[in-house]
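Here's a quick colleague's note to get you oriented in this one. Have a look at the sequence and the model first, then read on.

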Amino acid sequence: MLGIIRQKVAGKLNHALNFEQGVGAVALRAFSSSAKQMTVRDALNSALEEEMSADPKVFIMGEEVGEYQGAYKITKGLLDKFGPERVVDTPITEAGFTGIGVGAAYHGLRPVIEFMTFNFSMQAIDHIINSAAKSNYMSSGQISVPIVFRGPNGAAAGVGAQHSQCYAAWYGSCPGLKVLAPYSAEDARGLLKAAIRDPDPVVFLENELLYGESFPVSAETLDSSFCLPIGKAKIEREGKDVTITAYSKMVGFSLQAADILAKEGINAEVINLRSIRPLDRSTINASVRKTNRLVTVEEGFPQHGVGAEICATVVEDSFEYLDAPVERIAGADVPTPYAANIERLAFPQVEDIVRASKRACYRSR
Amino acid sequence: MAQLTHRASALHKSIPAVLFAARGLATASTSPITVETSLPFTGHKIDPPSRSVETSSQELLTFFRDMALMRRMEIAADSLYKAKLIRGFCHLYDGQEAVCVGMEAAINKKDCIITAYRDHCIFLGRGGTLLEAFAELMGRKSGCSKGKGGSMHFYKKEGGFYGGHGIVGAQVPLGCGLAFAQKYSKDESVTFAMYGDGAANQGQLFEALNMAALWDLPAILVCENNHYGMGTAEWRAAKSPAYYKRGDYVPGLKVDGMDVLAVKQACKFAKEHALKNGPIILEMDTYRYHGHSMSDPGSTYRTRDEISGVRQERDPIERVRKLILTHDIATEKELKDTEKEVRKEVDEAIAQAKESPMPDPSELFTNVYVKGLGTEVKLFHYIHLFLSRLLTTIVLEFLL
């Protein structure tokens, strides 16, 4: 009995901690940590700085990472601190510098390769998959590849069809890769540090529009040894009526949708996937077994998407627990348009998540 | 074709008076013998090294044995493939042995080599064993990649051999990455990134070369020009088949790749250059007797006369045999005995490899990650699901 109360209280406080985004310090008397705010950009920058300080084998390579201070200022200040040997500006040659990064990882260094956006990673995708992901397996453990490929993924605003694709599903389908998608500043710090320390190739999918967003961070998060486990999702908001899974920017939208749903008496559980591969199937299934309804949310194209995999896994493992068909919210099945009104239509909005969740709740067997 | 035979006849004319080493294999000495390469080197934006190569009777005998071993291994692989003990792809190196053997004589195990899929002999040169090679080809546990790689994915990290790559051209940026790491670690070692005339046109090669030149990486790009990219002759694939010049601002050297001493000299020269001045390209003029792979007879795009012509006039093993005999280092019989020994070694390794079992089924899911994650967990998960479903079905069937 006491345990349940303790759990509920902890849940509410957890809820409060993650909910007050950008509103300012919230007095959290129950915790010893202060409610410091940090942008995702600063979170990534600090993570890179700390890992580079801790391990001389870590270096950064990519376009404009050095003198330009980073195309999105993620690597700001690092060239001054670590020098041009460890913060390497490259020509605009993704296939070449990705291959060079993977080769350096073969030899034992720990490269962090930045793609200005993941759209350009397609020029280098052979090296990510065939040279990095598969090497440990093909060599039966002789050649490990401790590399991180990071950069903004998915849509920005008004950048057009060739600059807006989400690659989570593509990379998420490859055995040998680990694929992470942070949402908050805490995610960004913990997951990037974990990725750099990981002995396997990690694809780290950031989001340009999240870089400037602030999130509260605990003292624990700010510690240089802070690390989040790869393969574990986070329940951002506990609920009992419907499970909403999301990653990256869609987590924020899902939390907003959950607020709206709460006013209508629907208590949504929002799961921040954090890890696309390995997918935290046990957390997702446990949640669906509790709520009996599933809505998956992603920005990427619908066919063969992350949501498709989540739906399949839930149907396979928790079929008897479902009270409604699974719902997938994804980007529209079109190349991204430029005009603002139809671009808005091309990506999930809060109202789409609300509508799908209501559908999941009002449908009967 | 006329060009190929002309080069060979030059060999006979150019052997000058030399120091005579002790006779017989048993007393092979290390005292220096100087031999002239059959052809001069041609340089691009660099002064080529001298044609006089220092060697010794011991070294020449080692060259002979090593190349004979590699030749025998590849021919045996041909038979094993036809007997269906080797599956999938099998790209043979016979004819090109002088390139990897000459290279090894100029470098050490801290230097790195990376190549494409014609990798069996290079693997041997880096310290791989015949057993590891044959077992891998036959998909057995004792293979260098425990049977999980196959012909194109041989590795020997402790010997500085980074594979074994199936994607044409990808190994060149990877090799420049190895060189990057060597420079970063202040290793004083170099990387030889090997590729063929077919791969020489790949864009990523030029991307990597540009960066290697910009950052002065100790990378040596070695084009093994066997004149055919699969079935396409070099003149049909490259507007400029002068591969040693394709680096433009990067110096290059053209080398007779059938002359093991020329290869040794060029690699020694290239290593010294790369450590001081950054990348250099070596074009090895070589030849493969087999087709592109075991599914290619190799005769639809070149004449049998051409193949036999090269074998008669430029074979790398015959060249060293003549050198050994001319310098009285060993007798014909002794060399034939070496070849018999080598044959026996290969046969024994094959027999041993055949005894090696195939990998355990559980190996399907190992090494996906360095520390098992995701896949291994899923295996148990699915086995659990399968078993529970099976049990449920059985129980239901029993009840109904």
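The points below go through the interface and then the sheets of each chain.

1. One thing to keep in mind from the start: this is a predicted model. Everything here should be read as coming from that prediction.

2. Let's begin where the two chains meet. Chain B brings 50 residues to the contact and chain A brings 49. Between them, about 3900 Å² gets buried, and 61% of that area comes from carbon and sulfur atoms. On the chain B side, the residues that lose the most area to chain A are B:Tyr155, B:Tyr184 and B:Tyr369, which together make up 17% of what that side buries.

3. What about polar links across the interface? There are 19 residue pairs in polar contact between chain B and chain A, counting pairs with both residues at pLDDT 80 or more. Salt bridges are another story: the rule finds zero of them between chain B and chain A.

4. Which elements of chain B do the touching? β4 (112–114), α6 (171–184), α7 (203–214) and α13 (375–399) of chain B each supply at least two residues to the side facing chain A. The largest share, nine residues, is from α6(B). By type, that side of chain B splits into 25 nonpolar, 13 polar and 12 charged residues.

5. Now for chain A itself. You'll find an open sheet of seven strands there, ordered β3-β2-β4-β5-β7-β6-β12, with mixed pairing. Its edges are β3 (87–89) and β12 (275–277) of chain A, each pairing on one side only. On average, neighbouring strands in this sheet are turned by 20° against each other, ignoring direction.

6. Zooming in on that sheet, β4 (residues 110–114) and β5 (residues 148–152) of chain A pair in the parallel sense over three bridges.

7. Chain B has an open sheet of six strands, in the order β2-β9-β10-β6-β5-β4, and the pairing is mixed. Here β2 (42–44) and β4 of chain B are the edge strands, each pairing on one side only.

8. Within the chain B sheet, β5 (residues 191–196) and β6 (residues 219–225) of chain B run parallel, paired over six bridges. B:Met194 sits opposite B:Val222 in β6(B). Finally, helix α3 (residues 97–106) of chain B lies across β4, β5, β6 and β10 (280–285) of chain B, at about 170° to β5(B).

Key: Residues are numbered from 1 along each chain as its sequence is written. Chains are lettered from A and ligands numbered from 1 in the order in which they are written. This is a predicted model: local features need pLDDT of at least 70, side-chain atom pairs count only at pLDDT 80 or more; totals for chains, interfaces and linings use all residues. Side-chain values use heavy atoms; hydrogens and water are left out. Contact means heavy atoms within 4.5 Å. Buried area is the accessible area (1.4 Å probe) that two parts lose on being put together, summed over both. A salt bridge is a side-chain nitrogen of Lys or Arg within 4 Å of a carboxyl oxygen of Asp or Glu. A polar contact is a pair of N or O atoms within 3.5 Å; within protein, one must be able to donate a hydrogen and the other to accept it, and residues adjacent in sequence count only if both atoms are side-chain atoms. Helices (H or I, at least four residues) and strands (E, at least two) are DSSP runs, numbered from the N terminus. Ala, Val, Leu, Ile, Met, Phe, Trp, Tyr, Cys and Pro count as nonpolar, Asp, Glu, Lys and Arg as charged, and the others, Gly among them, as polar. Two strands pair if DSSP finds at least two bridges between them. Axes are lines fitted to C-alpha atoms, for helices over the stretch in contact, and angles run from 0 to 180 degrees between N-to-C directions.
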